Amino acid sequence: MKFKRIIILTCVVLIITSALMLCACKKDEEGYTLVVPDGAPALAIARVSDEILTDSVVYKLNKKIVPASTVNAEALKSDIAIVPANLASILYNGGNDFKILAVVTNGNLFLMSSQNTKIEGLDALSGKLVYSIGQNSVPDIIFKTLLKNNGINFKVGEKAEEGAVTIKYCADGSEVNSALILAKEKGEQAYGVYAEPDVNKGKSAGLTEAFDIQKLWSEDTDDAFSGYAQAVLIAKSNVCEDSRFVAKLLEEVQANKSRIMQDAQLAEDNIKSIYPQTSLKGNLNSEVIARCNIDCISMKDGRDYYENTLRAVMNINPKLIGGELPDDGFYYIL
């Protein structure tokens, strides 16, 4: 009997202590604003909590998904943002007060074919027209770098020419799908370089995957991580001063990686609740999410990996990273 009373008393003490600890946590209703571009990067916050709890403060996290074309301007107005890897460098080199916290997507780019014919290597594309997306974006530069590293000439144009890969840019992956599907219907060979989840739509329409660009890149480099640094998480310096908040935020982003795989529909619903017009509507399943390569690689482990992507961009056009690699002040390391 005495033993039972001790157990009950212990439980009561634990409950009271827990309640007091919760009460001791100050509520920060204003919190921080996190801006993310629509598309695959939005998956990196699809199941991140609306509140970030440290040992003393509960921070409200105001998540905002915006069209990819506006993320530069929106990032400048935000506390935290997910942006293309090269844009983060441009912002910092331009004198803006940001630090990089982590790489959150490792590329979701694929080479698709209108015909079910096997090609042995990228050199088979020489003399062919390749539809592509995002001129001067990181994925575009990665594809061009692979061509360059394999001694394959490339040019931008409307019609195929001998001796080079001719790249014709489309507005988005949906437009690439349309071009490849039309070629398939005509019995013609055509290629396209674009991203998930549009690639999955192309597969459903009978297009064939020729190459996983991330695998080709990993085979071509000695990076510690597979793929390339496509999108990164950055934050203003005043946010980074609260190391406990940043640590918990990174924990949430890391946990999100497995959460979105557990329930693709919930991930999609969460994104739609923030941004109803998202391009991810009706496109997600666990396979597609896996091929979007969502991750959370902190700068403690991933600085070299990130910089290797920047070097690839710089070798094509230094202006696309702001002229030079960012200095040590850019990197937030817990």
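This is a predicted model: local features need pLDDT of at least 70, side-chain atom pairs count only at pLDDT 80 or more; totals for chains, interfaces and linings use all residues.
User: What is the volume of the largest pocket?

Analyst: On a 1 Å grid over the protein atoms alone, a pocket is an open set of points with protein on both sides within 12 Å along at least five of seven lines. Points are joined across faces, edges and corners, and the volume is the space filled by probe spheres (1.4 Å) set on them. For the largest pocket this gives about 1,100 Å³.

User: Which of the lining residues are closest to the centre of the largest pocket?

Analyst: A lining residue has an atom within 4 Å of a point. The largest pocket has 39 of them. The closest to its centre are Asp 38, Ala 68, Ile 133, Gly 134 and Gln 230.

User: Which element gives the largest share of the lining of the largest pocket?

Analyst: Helices (H or I, at least four residues) and strands (E, at least two) are DSSP runs, numbered from the N terminus. Elements that give two or more residues include strand 4 (80-84) and helix 4 (138-149). The largest share, three residues, comes from helix 3.

User: Is helix 4 oblique or roughly perpendicular to helix 12?

Analyst: Axes are lines fitted to C-alpha atoms over the stretch in contact, with angles from 0 to 180 degrees between N-to-C directions. The axes of helix 4 and helix 12 (residues 299-316) come within 9 Å and cross at roughly 75°. Angles under 35 degrees count as roughly parallel, over 145 as roughly antiparallel, 65 to 115 as roughly perpendicular and the rest as oblique. Therefore helix 4 is, relative to helix 12, roughly perpendicular.

User: Which residues of helix 7 does helix 4 meet?

Analyst: Contact means heavy atoms within 4.5 Å. On the helix 4 side are Ile 142, Phe 143, Thr 145, Leu 146 and Asn 149. They meet Ile 213, Leu 216, Trp 217 and Asp 220.

User: Which residue is joined to Pro 197 by a cis peptide bond?

Analyst: Pro 197 lies in the loop between strand 10 (191-195) and helix 6. Omega of the cis bond is about 5°. The residue joined to Pro 197 is Glu 196.

User: What is phi of Asn 136?

Analyst: Asn 136 sits in the loop between strand 7 (129-132) and helix 4. Its phi is positive, in a residue other than glycine, and is near 70°.

Note on methods. Residues are numbered from 1 along each chain as its sequence is written. Side-chain values use heavy atoms; hydrogens and water are left out.
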